[in-house]
Amino acid sequence: MNRSLSIYDPFRELVRRSFADDTSLGQWIPRVDFYETESAYQVTLDLPGISKENLNVTYENKMLTISGEKKVEKTEGDYSNHRVERSFGHFSRSIHLSKDVNADSIKAEMKNGVLHIDVPKAESAQAKKITISSQEVVS
């Protein structure tokens, strides 16, 4: 009998949980695309079957939080489930934004089950090009 001892590795466990199937953890977690441009952060979430009335987007202390609920669809009548793979329930995703943003200009738009959030950076957080001056030496 060949047994190997497995040492607990917290980083490996974090990676395993991060890439696990959403339903394996007993909750629904929507996927997020998050990227940064020179002037803004862009966030996109796939939220099929969720109305904008069941969503909340908040910004506080450099943390953008998207939360909501995907409600169970009730089916009337006498039936038996053969397979249920879709997940339902509450979710919350928070993204730390490292730079200052213009909170009053954050915009969120829901289109065809996809939520797009535009988070403009504050003027002070945007990259600025510095002009280099030169002086000619006259001999």
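Leu47 touches Trp28, Pro30, Leu55, Phe91, Met110, Gly113 and Leu115, leaving aside residues up to four places away in sequence. Contact here means heavy atoms within 4.5 Å. The model is predicted; local features need pLDDT of at least 70, side-chain atom pairs count only at pLDDT 80 or more, and totals for chains, interfaces and linings use all residues. Residues are numbered from 1 along each chain as its sequence is written, and side-chain values use heavy atoms, with hydrogens and water left out.

Leu47 also belongs to the largest nonpolar core, which has 16 residues. Leu47, Ile66 and Ile117 have the most contacts inside this core. A nonpolar core is a set of buried Ala, Val, Leu, Ile, Met, Phe, Trp, Tyr and Cys residues joined through side-chain atoms within 4.5 Å. Buried means under 20% relative accessible area, exposed over 50%, and partly exposed in between (1.4 Å probe, protein chains only). Two or more core residues come from each of strand S2 (40-46), S4, strand S5 (89-96) and strand S7 (114-120).

The chain has one helix and seven strands. Helices (H or I, at least four residues) and strands (E, at least two) are DSSP runs, numbered from the N terminus. The order from the N terminus is α-β-β-β-β-β-β-β. Of the 139 residues, 24% count as buried. Among contacts between residues at least 6 apart in sequence, 54% join residues at least 24 apart. The chain exposes about 11500 Å², and carbon and sulfur atoms supply 47% of this area. Accessible areas come from the Shrake-Rupley method with a 1.4 Å probe; for residues, only the protein chains shown count as cover.

Lys70 lies in strand S4 (residues 63-70). Lys70 is buried, at 13% relative accessible area. Its contacts, not counting residues up to four places away in sequence, are Trp28, Pro48, Ile50, Ser87, Phe88 and Gly89.

Asp33 is found in strand S1 (residues 32-36). With residues up to four places away in sequence not counted, Asp33 touches Gln42, Val43 and Thr44. Asp33 and Leu45 are twelve residues apart in sequence, and their C-alpha atoms are 6.5 Å apart.

The structure holds one aromatic pair. The ring centres of Phe34 and Tyr41 are 5.7 Å apart and the planes meet at 20°, so the pair is stacked. Rings of Phe, Tyr and Trp (its six-membered ring) pair if their centres lie within 6.5 Å; planes under 30 degrees apart count as stacked, over 60 as edge-to-face and the rest as tilted. Phe34 is partly exposed at 38% relative accessibility, whereas Tyr41 is buried at 1%. The charged end of Lys121 sits over the Tyr41 ring, 5.6 Å from its centre. This term requires NZ of Lys or CZ of Arg within 6 Å of the ring centre and within 35 degrees of the ring normal.

Two salt bridges are present. A salt bridge is a side-chain nitrogen of Lys or Arg within 4 Å of a carboxyl oxygen of Asp or Glu. Lys121 forms one with Glu36, the closest N and O atoms being 2.6 Å apart. This pair links distant parts of the chain: Lys121 lies in the segment after S7 and Glu36 in strand S1, 85 residues apart. Lys121 is buried at 6% relative accessible area, while Glu36 is partly exposed at 40%.

Lys62 and Asp100 form a salt bridge at 3.7 Å, N to O. Lys62 lies in the loop between strand S3 (55-60) and S4, and Asp100 in the loop between S5 and strand S6 (107-111), so the pair ties together parts 38 residues apart in sequence. Lys62 is partly exposed at 30% relative accessibility. Asp100 is partly exposed, with a relative accessible area of 40%.
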